[in-house]
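This report is for a reader new to the structure. Please look over the sequence and the model before reading on.

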Amino acid sequence: MAVVGPSRHSRVSMSVSMSLMQGGGAGATGGGGTTGAHPGQAVLAAAAQAPPTYYHPAAPAPPPPPPAQDPVQPDRPIGYGAFGVVWAVTDPRDGRRVALKKLPNVFLSLVSSKRVFRELKMLCFFKHENVLSALDILQPPHLDFFQEIYVITELLQSDLHKIIVMSMNLKKQTDSITFFVLGIARGLKYLHSARILHRDIKPGNLLVNSNCVLKICDFGLARVEEPDQNKHMTQEVVTQYYRAPEILMGARHYTAAVDVWSVGCIFGELLRRRILFQAQSPVQQLELITELLGTPTLEDMRYACEGARSHMLRRAPKPPSLTALYTLSSQATHEAVHLLCQMLVFDPDKRITVVDALAHPYLDEGRLRYHSCMCTCCYTTSAGMRQYTVEFEPATSHPFDDLWERKLTTVQQVKEEMHKFIAEQLNTSRVPLCINPQSAAFKSFAR
């Protein structure tokens, strides 16, 4: 739950971790302990300390108390996801800094309420070092007043977007780039083994702590893969710069390969220190992709819509220029470019999977460093020997179940089932949490 400080054993992370501490990031840099915001300022409160009545979202907030004399680690907004806002707050039960995500206006429509319920179930399902999961859920009000959800997760100092933009040391650290690609691939292997497509992999959705341990977050667009190729899937997914060519060309059905393409774009961005395919429109995005990969064949475009195929065939043929990847930076070694080329493949059926990517030699050194001192799956014995896990890149023991979605046909049904689910997830061994309506920060957070 607490933010992890830099490890004295890991030289991979030290140069980047200093930038995280100095440059700010996705969350506060506070760790454990009992220091925190003054109780009158804190957004969170233990339910036993809160007013006995349920909090009504529409009720006006009481006037804030006088400011504390010396507030420490004030609660503050740190980011905005696809469908919610995230704050850095203090858990009043132990003084640790955590992230609090607010999912507002959950029950406006059947589609939006199901989407929120799906994200909530996923956060409670995840158990992996490279995937963000729910640590707790705030106690919900009475069903009649139930309109929004608050989820507590681990707080990490930054995200990959800020590191790419701000960290000057990254340019010199091949180890760090390898480490980040390894973390993304490990997390995606876990998600894909659960049959989950993230559908919005981008640097801003990859949180990083001071040890350079990376966690995939923001599952607002995630869904379970669709085995029936005749069923249409939405194309309104993935930030444009990281969108796979099959989606850009109007494919009605797609697979986990769209996430792998996004990883390839991020890999190139880490090497280049700039967005790899930065276009102003989807059409221009496709043009930049073909300038690198060359004009695709008809077989490569078999999932594209007819209009996109016709547009591509009318253009003058372009030869591939993959050798340009060697000019991205001095870290673009032969092994790096070889893996990158296998990720940036136009045909999704020919694109490398995350399982095969993890077996690529480029990631071997990063894996060794990660499991030597930074993972939680291995440990050092009292005799000083490192005891390694059997499975370095674990998958889920069972896929994520989405059958419940088909049974819920009204907003009221979703509301009742979600309220019941949250009540079942509450950690009975700890004091439940609720929003503190007396908080000075409450008014801006409740908007």
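The sections below describe a sheet and then the aromatic pairs of this predicted model.

## The open sheet

Five strands make up an open sheet, and their order is β2-β3-β4-β6-β5. The pairing in this sheet is antiparallel. The edge positions are taken by β2 (76–80) and β5 (134–137). Each of these two has a single partner strand, so one side of each is left without a neighbour in the sheet. On average, neighbouring strands of the sheet are turned by 30 degrees against each other, direction ignored.

## The pairing of β2 and β3

The edge strand β2 is joined to β3 (residues 85–90) by four bridges. The two strands run antiparallel. Pro 77 has Trp 87 in β3 as its bridge partner.

## Aromatic pairs

Across the whole structure, a search finds 12 aromatic pairs. One of them is the stacked pair of Trp 261 and Phe 277. Their rings are 6.1 Å apart, centre to centre, with 15 degrees between the planes. Trp 261 belongs to helix α6 (residues 257–272), whereas Phe 277 sits in the loop between α6 and α7 (282–293). The pair therefore ties together parts that are 16 residues apart in sequence. Both Trp 261 and Phe 277 are buried.

## A cluster of rings

Ring pairs also link residues into a cluster. Its members are Phe 125, Phe 126, Tyr 190, Phe 219 and Phe 400.

Notes: Residues are numbered from 1 along each chain as its sequence is written. This is a predicted model: local features need pLDDT of at least 70, side-chain atom pairs count only at pLDDT 80 or more; totals for chains, interfaces and linings use all residues. Side-chain values use heavy atoms; hydrogens and water are left out. Rings of Phe, Tyr and Trp (its six-membered ring) pair if their centres lie within 6.5 Å; planes under 30 degrees apart count as stacked, over 60 as edge-to-face and the rest as tilted. Buried means under 20% relative accessible area, exposed over 50%, partly exposed in between (1.4 Å probe, protein chains only). Two strands pair if DSSP finds at least two bridges between them. Axes are lines fitted to C-alpha atoms, for helices over the stretch in contact, and angles run from 0 to 180 degrees between N-to-C directions.
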